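Welcome! Keep the picture at hand as you read.

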Amino acid sequence: MTKANDNLLVLLPGMGAVATTFVAGVEAVRRGMARPLGSVTQLQTIRIGKRSEGRNPLIKDFVDLAPLEHLRFAGWDVYPDSAFDAARRASVLSNEHVAPLQDFLSEIQPMPAAFDQEFVKRLHGTNVKPTKSKRELAEALRQDIRDAKAKHGTNRAVMIWCGSTEVYTQPSACHQSIEAFEKGLDENDPAIAPSQLYAYAAICEKVPYANGAPNLSADNRALVALAEQNGVPIAGKDFKTGQTLMKTILAPGFKARMLGVQGWFSTNILGNRDGEVLDDPGSFRAKEVTKSSVLDAILQPELYPELYKDLYHKVRINYYPPRGDEKEGWDNIDIRGWLGYPMQIKVDFLCRDSILAAPIVLDLALFLDLAARSGRSGIQEWLSFYFKSPQVAEGHVPEHDLFIQHFRLKNTLRVIGGESPIDHLAED
Ligand SMILES: NC(=O)c1ccc[n+]([C@@H]2O[C@H](COP(=O)([O-])OP(=O)(O)OC[C@H]3O[C@@H](n4cnc5c(N)ncnc54)[C@H](O)[C@@H]3O)[C@@H](O)[C@H]2O)c1
């Protein structure tokens with residue numbers, strides 16, 4: 001495996017709440033102002049060998065991850081605000097954290113975006129590349145990547161889509177093969193979304209790509225094939241934060257104890273720009289699809305019809321400006337126990353969306369870079385842990401259970417680190 005010697009450039013299409021909370025957070029940690037809570041790469045240990053050996057190194061000491069000091073940042077946005085202005089606007093971090101970072105964050109200016117209003121109806125930004133053919137936009141993004149690498153004096157980069165949720169679409173003819181996709185670029189096929197131009201540019205430049213939003217992006221045959229052909233790791237979709245994180249923690253527990261679930265009603269209020277974009281029915285549909293598939297996949301009603309066949313699952317997202325990024329997610333869960341007796345569970349999660357998402361961006365950046373250096377390419381299913389709608393090889397069902405995902409993540413790290421996977425069967 002090549003070593004993590006030089007700097008790692010993290011490329012961020014979309015420099016809004018999540019991206020700026022991530023960048024500011026990394027710098028705050030580097031300056032010793034705060035701790036990276038929520039980040040597996042920074043805080044978690046990994047058991048190696050038998051229990052009796054007592055070997056529990058930190059993950060970052062066990063595998064060769066880029067140190068935070070080596071991270072550099074660049075991005076694109078539809079709005080011309082620097083990372084400092086965008087962080088202030090997002091109001092996720094308090095002034096106590098943002099003000100001391102002004103010098104650092106002001107330096108990060110977004111490159112003009114490849115944008116198409118048809119895919120994100122609620123945004124009207126000005127920092128947009130002149131409308132050209134999709135081929136020219138993709139080439140311009142490739143040039144941006146090369147320029148940003150040169151500016152930061154590094155050859156290593158990863159790209160994490162932190163842009164707005166695009167409208168819900170299904171793969172079309174141009175997504176069926178690399179050739180069809182490239183023909184679509186030349187012919188300006190309206191089915192090619194901006195996020196797909198970024199993903200295509202990244203994969204062509206051999207930059208690992210992860211998609212933090214629910215729109216398809218690299219989740220189609222053409223870009224998966226290109227990633228495999230170019231030896232580039234990819235992962236997606238939709239960061240698993242807030243309500244879905246809670247769902248994938250609770251549901252496996254109900255199933256493990258053979259408790260029935262009759263109904264799960266989830267509603268959210270949020271007031272950030274993401275909430276505004278999701279107020280558009282097309283963008284909401286993309287989110288609804290990723291949020292809704294989770295319970296069926298975990299509870300397996302086809303195996304346990306008695307417990308889960310009639311589960312009524314409803315997800316609502318309501319744009320409510322007064323809350324800003326401080327989302328509130330309510331869940332009412334109707335469960336059934338011994339002899340079918342009903343019980344209710346209420347979860348009221350007063351969460352901070354971007355505070356939960358930022359460490360995911362960090363972990364994905366470091367793990368994707370590790371994956372690339374250890375010769376992995378194509379879909380990285382071991383990173384399902386971080387996604388609401390994990391991208392999997394065609395014909396396979398995604399794993400949503402957080403604990404199975406975590407198990408797989410750690411065993412993959414053991415293998416990358418040259419150790420044996422652990423099955424938790426051994427007594428010693
Ligand atoms: N915060 C969370 O917990 C969370 C969880 C899961 C997924 N997500 C997803 O992550 C993404 C980012 O969330 P956020 O809260 O930072 O949203 P945000 O609205 O604050 O930031 C998104 C940014 O992307 C920009 N953008 C849109 N289209 C673009 C394009 N084509 N090129 C470049 N920039 C573009 C917008 O101008 C905006 O500044 C959203 O898609 C959201 O659904 C967030």
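**Exercise 1. Find which helix gives the most to the shell around the ligand.**

Step 1. Helix H15 gives the most to this shell, with four residues. Before going on, note that this is a predicted model, in which local features need pLDDT of at least 70, side-chain atom pairs count only at pLDDT 80 or more, and totals for chains, interfaces and linings use all residues. Residues are numbered from 1 along each chain as its sequence is written.

Step 2. H15 spans 353-373, and at least two shell residues each come from H15, helix H1 (17-30), strand S2 (71-77) and helix H12 (273-278). Helices (H or I, at least four residues) and strands (E, at least two) are DSSP runs, numbered from the N terminus.

Step 3. In total, 37 residues surround the ligand, and the closest are Gly 14, Gly 16, Ala 113, Ala 213 and Arg 273.

Step 4. Sorted by class, the shell holds 21 nonpolar, eleven polar and five charged residues. Here Ala, Val, Leu, Ile, Met, Phe, Trp, Tyr, Cys and Pro count as nonpolar, Asp, Glu, Lys and Arg as charged, and the others, Gly among them, as polar.

**Exercise 2. Explain why the ligand shell lies between the domains.**

Step 1. The chain is assigned domain 1 (8-239 + 355-416) and domain 2 (242-350), with bounds that come from an automatic or database domain assignment.

Step 2. The centres of domain 1 and domain 2, taken over C-alpha atoms, are 26 Å apart. Their contact takes 27 residues from domain 1 and 27 residues from domain 2; two residues are in contact if their C-beta atoms, placed from the backbone, lie within 7 Å.

Step 3. Both domain 1 and domain 2 give residues to the shell around the ligand, so the shell lies between them.

**Exercise 3. Describe how H1 and H15 cross.**

Step 1. The axes of H1 and H15 come within 8 Å and cross at roughly 65°. Axes are lines fitted to C-alpha atoms, for helices over the stretch in contact, and angles run from 0 to 180 degrees between N-to-C directions.

Step 2. H1 and H15 are therefore roughly perpendicular to each other. Angles under 35 degrees count as roughly parallel, over 145 as roughly antiparallel, 65 to 115 as roughly perpendicular and the rest as oblique.

Step 3. The H1 and H15 crossing is right-handed: a crossing is left-handed if the near helix is turned anticlockwise from the far one by less than a right angle, and right-handed if clockwise.

Step 4. Among the residues that meet are Ala 17, Val 18 and Phe 22 in H1, and Ile 355, Ala 358 and Leu 362 in H15. This contact of H1 with H15 has nine nonpolar, three polar and no charged residues.

**Exercise 4. Work out how H9 lies against H10.**

Step 1. H9 and H10 pack at an angle of about 15°, their axes being 10 Å apart. That makes H9 roughly parallel to H10.

Step 2. H9 passes H10 in a left-handed crossing. Contact residues include Ala 199 and Ile 203 of H9, with Leu 223 and Leu 226 of H10.

Note on methods
A residue is near a molecule or strand if its C-beta atom, placed from the backbone, lies within 6 Å of it.
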